[in-house]
Amino acid sequence: MGGRVYDDNGSVNDNNVTIKYGTTVTSLIYGGYATGGEASKNTVIADSAVVNSSILGGHSGGAAKVNENTVIIRGDSKVEGNITGGGGHTGSFSKEAHNNKVSIEYNATIIGVIKGGESKVDG
């Protein structure tokens, strides 16, 4: 995780995670993880790395903004999981997701679902 906040109203913004050549990651990767607050402008870059899990640029499980997060997969990277620029996972979704991006470059291989942004409004 580039940044994490446990306070339900806390924000996690402007964090970065870079996974470089030859690295293998087996757990979830978050640029920014907020329990209920805002998660915006976070970035994850995988550059010729192997990722055996999912990647989220920014995540919020509550009624919050998840905007302008970025995930970049480049080089000879291989990702065996889902990639989401900004949003949530496993039934925990933000209510606003705008301008999130996923970029796949060069020879990268993705085995999973790719979503730029994801939100859900109950009711």
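**Close-up views of a predicted model**

View 1. I110 lies in strand β14, which spans residues 109-110; strands here (E, at least two residues) are DSSP runs, numbered from the N terminus. This is a predicted model, in which local features need pLDDT of at least 70 and side-chain atom pairs count only at pLDDT 80 or more, while totals for chains, interfaces and linings use all residues. Residues are numbered from 1 along each chain as its sequence is written, and side-chain values use heavy atoms, with hydrogens and water left out. Because its relative accessibility is 22%, I110 counts as partly exposed, a class that lies between buried (under 20% relative accessible area) and exposed (over 50%), with a 1.4 Å probe and protein chains only. Leaving aside residues up to four places away in sequence, I110 touches I73, V79, G81, I83 and I104, where contact means heavy atoms within 4.5 Å. From C-alpha to C-alpha, I110 and E80 are 6.2 Å apart in space, although 30 residues separate them in sequence.

**View 2. The two faces of strand β3.** Strand β7 (residues 43-47) pairs with β3 in the parallel sense over 4 bridges, and V44 in β7 is the bridge partner of V17; two strands pair if DSSP finds at least two bridges between them.

**View 3. An open sheet of 5 strands.** The sheet has the order β1-β5-β9-β12-β15, with parallel pairing. Its edge strands, β1 (4-5) and β15 (114-117), each pair on one side only. Strands β5 (residues 29-34) and β9 (residues 55-60) run parallel and are joined by 5 bridges, with G58 in β9 as the bridge partner of G32.
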